[in-house]
Amino acid sequence: MADQEDTKPEASVSQSALSMSSSDSALKETLLRRYLDHSPALSFIKDEKGRYVYVSHSLLELFKVKAEVVFGKTDFEWLPKELADQFAESDSLVRTTKASMEVIESVPSASGVIRSIVYKFLFDDGAGREYIGGIAVDVSERLKAEDLKGQLAAIVDASHDAIIGSSSDGTILTWNKSAERIFGYGANEIIGKHFNVLVVPKNTVYVEEILRKVRHGEDISQREGKCLTKSGTEIDISVTASPILDEAREVIGISVVARDISQRVEMQRALKQTTLDLSIARDQALEASNLKSAFVANISHELRTPLSAILGMIELLSSTELSEEQENFVQTLKSSGQSLLTIVNDVLDLSKIEAGKLDLEYAPFNVIFLMQECASVMAVSAKNKGLLLTTRIDHSIPTFVIGDHERVRQTLINLIGNSIKFTETGEITLALSLQSQYKRSIALKFSVTDTGIGISEEQLGRLFKPFTQIDGSASRRYSGTGLGLSISKNLVEMMGGSISCQSTLGKGTQFFFTIPFKRCENEANPPGVSTLSKVSINQNLANSLILLVEDNSVLQKLIQMQLSNVGVRAQAVSTGEEALEAIKVSDFDLIFMDCQLPQMDGFAATKVIREIEASHGGYTPIVALTAGAMDGDERRCLDAGMNDYLSKPASVRQLCDKMELWIPLKKRYQSQPRS
């Protein structure tokens, strides 16, 4: 069909329909046929029976068939039934209505479905015979573009952000549904207006700045600011603006994406306010904590100072000749004083634990001796109530371990004292056994079992809470602050162990705790371990001269008497200034320095003494002797230049231990200051 003259398709066309009376008519017919065959449009003519009497070359190319396959045939004779039905339906409509019509017909091809607009019309040959003519134009790409445009429009309208198109001068040209939702304007109300209608008047200068930058090809990303809605309400938005370019890369418009961030901004304001409130609350909490710490430290000092005098005098009194009745009086005084000191220590420990400032000190100690010592200390209290206090120790365990023996001792004393308090008859058993052991560590189980009043299941749940006793009646009947068990639990857990309780109401209670310890490498003679309680000072230190800096006259006399009883001379002064004068006159072997003194305190006095020694030589150990017992007090003493720290009340044994530790260094290294 490439050459109509060779294939002569016109031979099948009715001669009467296409006849011409002259050579001009023949020429016109030839030109018309060639025009139709070379046109990209698909064209055809069908007779009254639906047979093709003419088809264009482009139509034959579309279906990939030769002319003889089509000419003289109906659609049903050479096309699939679905296509034939489609074409026949529109043909029938044209014949019925006698009117031209435009239809879109889809034709499958090797390159995909081709969608064409077909213009069909009815005409006759002048002899009364009707024909259907058709011209089809392939609009597949155009329809695809329109579909894509529709899809893009749907996407734009479905966006939660306002998507706005404008000319380069800021005149709004397109307006999606989200823009209508955010700003309140319908498209018919806003298109054709300038962006300035959407902003607070004072901010129009910023709009012009953005437009100017975009016109120069810049992208503006997430610029935040205030906008106005149709109702006049101010909202917070984030704007991204980009240039729209033509093929020559010239800016022909502006694309704007605006997001309503009012909710986010409000959340940020709320978060900022919350952060500020939390910061204020934190500062207030820190201030309250500091005030509490200062209060506790002050109370500690005020209580420990008279307690030092009371317990010290009791200790001196017990060393004199007393009748049996007087001895009982002294023991009662001593027990009451120790109970008061325990309460003060418990309050201080709880304050340190809550602040996270309670430190542990690890050193080798004789764990078996510690058990026996605790039993010995508490034996008097048990005996006074008619109770039997016994110990059961597994002697296969190592004698020495490394840990904080003072905190283990404190826990055991708390638990034994608790059992004595709540037991009226029977016995209390203190036990030590092996829980587990490894090459470098060992876990020991301590237990305290009594035959006391017992604890119910309900009460066990709140047993280790601070300021809590097992019930209201117990709180009235049995004295105490309710801090002992809470402190014990915290101490055990700080040492890496665990504590628990088993009890039967009316039959008794067992407290047990397990603590891991490090093994001592040299168990036969571990350093720093003393298992004997000495009652006198080393004879080599007798007649040593001590300077006691203490502003409380009662404590001055007490400590002087305590030191005198072990053969040590003590000179007492009341202020830091007097201490400085004293060291100019005498060479003291050791200084016991109170920290809280009138005028020049102990810290300042110590610093001056160290400055004098640095200039003139010599060195005297200084041991802080203070009623302060809060965390940081010891560090402050050492930073001031003191060598050691001893809190009040201090026993004769504690005073002697410090002297035995530091006076030999004074005698040995007089010319070489050491800390």
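The following questions and answers look at a predicted model of a protein chain.

Trainee: What should I know about the numbering and the values in this model?
Mentor: Residues are numbered from 1 along each chain as its sequence is written, and side-chain values use heavy atoms, with hydrogens and water left out. Because the model is predicted, local features need pLDDT of at least 70 and side-chain atom pairs count only at pLDDT 80 or more, while totals for chains, interfaces and linings use all residues.

Trainee: How many helices and strands does the chain have?
Mentor: Helices (H or I, at least four residues) and strands (E, at least two) are DSSP runs, numbered from the N terminus. Counted in that way, the chain has 23 helices and 22 strands.

Trainee: What percentage of the residues in the chain is buried?
Mentor: A residue is called buried under 20% relative accessible area, exposed over 50%, and partly exposed in between, using a 1.4 Å probe and protein chains only. Of the 675 residues in the chain, the buried ones make up 41%.

Trainee: Which strands pair with E15?
Mentor: Two strands pair if DSSP finds at least two bridges between them. Strand E14 (residues 427-437) pairs with E15 in the antiparallel sense over nine bridges, and the two form a hairpin with three residues between them.

Trainee: Why does serine 447 count as buried, and which residue is its bridge partner in E17?
Mentor: Serine 447 lies in strand E15, and it counts as buried because its relative accessibility is 9%. Contact means heavy atoms within 4.5 Å, and, leaving aside residues up to four places away in sequence, serine 447 touches Thr429, Leu430, Ala431, Gln510, Phe511 and Phe512. Its bridge partner in E17 is phenylalanine 512.

Trainee: What is the order of the strands in the open sheet of five strands?
Mentor: Strand E19 (569-573) and strand E22 (644-647) stand at the edges, each with a single partner strand, so one side of each is left without a neighbour in the sheet. The pairing is parallel, and strand E18 (residues 545-549), for example, pairs with strand E20 (residues 590-593) over four bridges. The order is E19-E18-E20-E21-E22.

Trainee: Which helix packs on this sheet, touching E20 and strand E21?
Mentor: Axes are lines fitted to C-alpha atoms, for helices over the stretch in contact, and angles run from 0 to 180 degrees between N-to-C directions. The direction of the helix makes about 155 degrees with that of E20. The helix, covering residues 602-616, is H21.

Trainee: How are helix H15 and helix H18 oriented to each other?
Mentor: Helix H15 (residues 405-421) and helix H18 (residues 484-494) pack at an angle of about 150 degrees, with their axes 9 Å apart. Angles under 35 degrees count as roughly parallel, over 145 as roughly antiparallel, 65 to 115 as roughly perpendicular and the rest as oblique. The angle therefore makes H15, relative to H18, roughly antiparallel.
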